[in-house]
Amino acid sequence: MPRSKREKDVSLTKVKKKTRAAKETLVDEVRHSVDAYDNIFVFTIDNMRSKRFISVRQHFKSNSRFFFGKNNVMMVALGRQLTDEYAANLHKISQQLKGQCGLMFTNLSMDEIIKYVLSFNYSLSSICLHF
């Protein structure tokens with residue numbers, strides 16, 4: 001049988017890498033969110049693209065901001081140590097960024113967020129509050 005013209009192997013070398021400018025943009029956006037929002041939550045979830053998590057993102061769309069990026073880039077934005085942190089106590093949050101995790105910036109209270117997330121039976125590995 002003849003091979004289909006649609007069956008083409010795509011080489012992974014065609015995937016573009018993140019440039020320095022894209023990483024600097026992420027750092028700037030995280031720092032802007034630190035100034036704009038009251039609370040920061042560090043969370044992990046098994047499947048970031050699940051329908052449940054999409055509904056969570058839609059629910060908090062108007063008053064929150066989610067970041068999923070390289071942990072090292074987000075650590076640079078927050079500050080890895082006490083001497084280079086962007087704001088007070090952010091180095092403690094950057095120490096929690098391990099594995100597949102994300103940042104949620106919001107003006108809602110911690111009780112409201114935990115109550116909503118527990119209604120979906122998600123497990124929160126760590127919650128850090130920015131004050």
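Visitor: Why is Phe43 called buried?

Guide: In this predicted model, Phe43 has 7% relative accessibility. Buried means under 20%, so Phe43 counts as buried.

Visitor: What makes Phe68 partly exposed?

Guide: The relative accessibility of Phe68 is 35%. Partly exposed covers the range between the 20% limit for buried and the 50% limit for exposed, and Phe68 therefore counts as partly exposed.

Visitor: How many aromatic pairs does a search of the whole structure find?

Guide: The search finds five aromatic pairs. One of them joins Phe43 and Phe68, with ring centres 5.8 Å apart.

Visitor: Why is the pair of Phe43 and Phe68 called edge-to-face?

Guide: Rings pair if their centres lie within 6.5 Å, and planes over 60 degrees apart count as edge-to-face. The centres here are 5.8 Å apart and the planes stand at 85°, so the pair is edge-to-face. Phe43 belongs to strand E1 and Phe68 to the loop between E2 and H3, so the pair links distant parts of the chain, 25 residues apart.

Visitor: What makes Phe60 and Tyr116 an edge-to-face pair?

Guide: The distance from centre to centre is 5.0 Å and the angle between the planes is 80°.

Visitor: Which residues do ring pairs link into a cluster?

Guide: The cluster consists of Tyr37, Phe67 and Phe105.

Visitor: What makes E1 and E2 edge strands?

Guide: The sheet is open and antiparallel, with its three strands in the order E1-E3-E2. E1 (39–44) and E2 each pair on one side only, and they are the edge strands. From one strand to the next, the twist averages 20°.

Visitor: How do you know that E1 and E3 pair?

Guide: Two strands pair if at least two bridges are found between them. E1 and E3 have six bridges, in the antiparallel sense. Phe43 stands opposite Gly102 in E3.

Visitor: Why is helix H3 called mostly covered?

Guide: Six of the eight residues of H3 (residues 71–78) are buried. They are Asn71, Val73, Met74, Met75, Ala77 and Leu78. Their cover includes helix H1 (20–36), strand E2 (64–67), helix H4 (90–94) and strand E3 (101–106). After H3 comes Gly79, with a positive phi near 110°.

Visitor: Which residues touch the most other members of the largest nonpolar core?

Guide: In this core of 19 residues, they are Val30, Leu78, Leu97, Leu103 and Phe105. H3 gives the largest share, five residues. Leu97 touches Val42, Asn71, Met74, Met75, Leu78 and Leu103, leaving aside residues up to four places away in sequence. A second, separate core has ten residues, among them Phe41, Phe60, Phe66 and Val117.

Conventions: Residues are numbered from 1 along each chain as its sequence is written. This is a predicted model: local features need pLDDT of at least 70, side-chain atom pairs count only at pLDDT 80 or more; totals for chains, interfaces and linings use all residues. Side-chain values use heavy atoms; hydrogens and water are left out. Buried means under 20% relative accessible area, exposed over 50%, partly exposed in between (1.4 Å probe, protein chains only). Helices (H or I, at least four residues) and strands (E, at least two) are DSSP runs, numbered from the N terminus. Contact means heavy atoms within 4.5 Å. Axes are lines fitted to C-alpha atoms, for helices over the stretch in contact, and angles run from 0 to 180 degrees between N-to-C directions. Rings of Phe, Tyr and Trp (its six-membered ring) pair if their centres lie within 6.5 Å; planes under 30 degrees apart count as stacked, over 60 as edge-to-face and the rest as tilted. A nonpolar core is a set of buried Ala, Val, Leu, Ile, Met, Phe, Trp, Tyr and Cys residues joined through side-chain atoms within 4.5 Å.
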